[in-house]
Amino acid sequence: DSGVTQTPKHLITATGQRVTLRCSPRSGDLSVYWYQQSLDQGLQFLIQYYNGEERAKGNILERFSAQQFPDLHSELNLSSLELGDSALYFCASSPPRTGGTGELFFGEGSRLTVL
Amino acid sequence: AQKVTQAQTEISVVEKEDVTLDCVYETRDTTYYLFWYKQPPSGELVFLIRRNSFDEQNEISGRYSWNFQKSTSSFNFTITASQVVDSAVYFCATESGYSTLTFGKGTMLLVSP
């Protein structure tokens, strides 16, 4: 158990809908990362937050947005869903340290199926 | 931009065989970190090792060993005496700043009894 909690574990929805994925980082970790894993693209970095502020952005679509709240949990919002958004979405957290390069602790992922 | 290539898509071995997973990376950074993660059938990503570009000393940890060669931009991972529980997808990754990782496509390892 990595200590990172993601909900829901599974989600099935229809095209055009909007969903919210939730992540609670390990106790004491200030950084939260979101990754998408699909058969086509593999594991791709979406976005990172550090103590409530966006720190780095990867291949995140404009239809997707995220935020990190004062209690450090994070939510990833996916809207106008398309079939191609079906994927496993991972959240990860890392301990506070300068310069990055920390080990990431991944949650078990939220599997999204868009029908 | 960082790039990680894992040329082996799938490897099948019989239990107790040794197996090496290849990883070649590209980076413009002079200082960088390399990682291996494991994804068992249950789906979670498990951290295995982190190496920095200053340290080319190879490491052995139990049945696992890593061979980092900066000259060839390779960071290979070997499992000695493989076991069925080693069956998983193994990902090599490089750090792209602020601990964001660029992953390879992964190598699926199947260990049969």
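Leaving aside neighbours within four places in sequence, Thr78(B) is in contact (heavy atoms within 4.5 Å) with Val19(B), Thr20(B), Arg63(B), Tyr64(B) and Ser65(B). This is a predicted model, so to speak of a local feature pLDDT has to be at least 70, side-chain atom pairs count only at pLDDT 80 or more, and totals for chains, interfaces and linings use all residues. Residues are numbered from 1 along each chain as its sequence is written, chains are lettered from A and ligands numbered from 1 in the order in which they are written, and side-chain values use heavy atoms, with hydrogens and water left out.

Strands here (E, at least two residues), like helices (H or I, at least four residues), are DSSP runs numbered from the N terminus. With one of its contacts, Thr20(B), the side chain of Thr78(B) makes a side-chain to side-chain polar contact at 2.8 Å. A polar contact is a pair of N or O atoms within 3.5 Å; within protein, one must be able to donate a hydrogen and the other to accept it, and residues adjacent in sequence count only if both atoms are side-chain atoms.

Next comes the place where the two chains meet. Chain A brings 23 residues into contact with 17 residues of chain B. About 1,700 Å² is buried between them, and carbon and sulfur atoms give 58% of that; buried area is the accessible area (1.4 Å probe) that two parts lose on being put together, summed over both. The rule finds 4 residue pairs in polar contact across this interface, both residues at pLDDT 80 or more. On the chain A side, the elements giving two or more residues are strands E4 (31-38), E5 (42-50), E6 (53-57) and E9 (87-94). The largest share, 4 residues, comes from E5(A). Sorted by class, that side has 9 nonpolar, 9 polar and 5 charged residues. Here Ala, Val, Leu, Ile, Met, Phe, Trp, Tyr, Cys and Pro count as nonpolar, Asp, Glu, Lys and Arg as charged, and the others, Gly among them, as polar.

E5(A) also runs antiparallel to E6(A), joined by 4 bridges; two strands pair if DSSP finds at least two bridges between them. Tyr50(A) has Glu53(A) in E6(A) as its bridge partner. The hairpin leaves 2 residues between the strands, and Asn51(A) there takes a positive phi near 50°. Leu72(A) has a positive phi too, about 80°, although it is not a glycine. Its place is the loop between E7 and E8 of chain A. Most residues other than glycine have a negative phi, and most peptide bonds are trans. A cis peptide bond turns up between Thr7(A) and Pro8(A), with omega about -10°, and Pro8(A) is found in the loop between E1 and E2 of chain A.

Chain A also has an open sheet of 4 strands in the order E1-E3-E8-E7, with antiparallel pairing. At its edges are E1 (5-7) and E7 (64-68), each pairing on one side only. E7(A) pairs with E8(A) (residues 74-78) over 5 bridges, and Phe64(A) stands opposite Leu78(A) in E8(A).

What about charge pairs? The count comes to 6 salt bridges over all chains, with a salt bridge being a side-chain nitrogen of Lys or Arg within 4 Å of a carboxyl oxygen of Asp or Glu. One of them joins Lys9(A) and Glu108(A) at 3.7 Å, N to O. Lys9(A) sits in the loop between E1 and E2 and Glu108(A) in the loop between E10 (105-106) and E11 (110-114) of chain A, so the pair ties together parts 99 residues apart in sequence. Across the interface of chain A and chain B, though, the rule finds 0 salt bridges.
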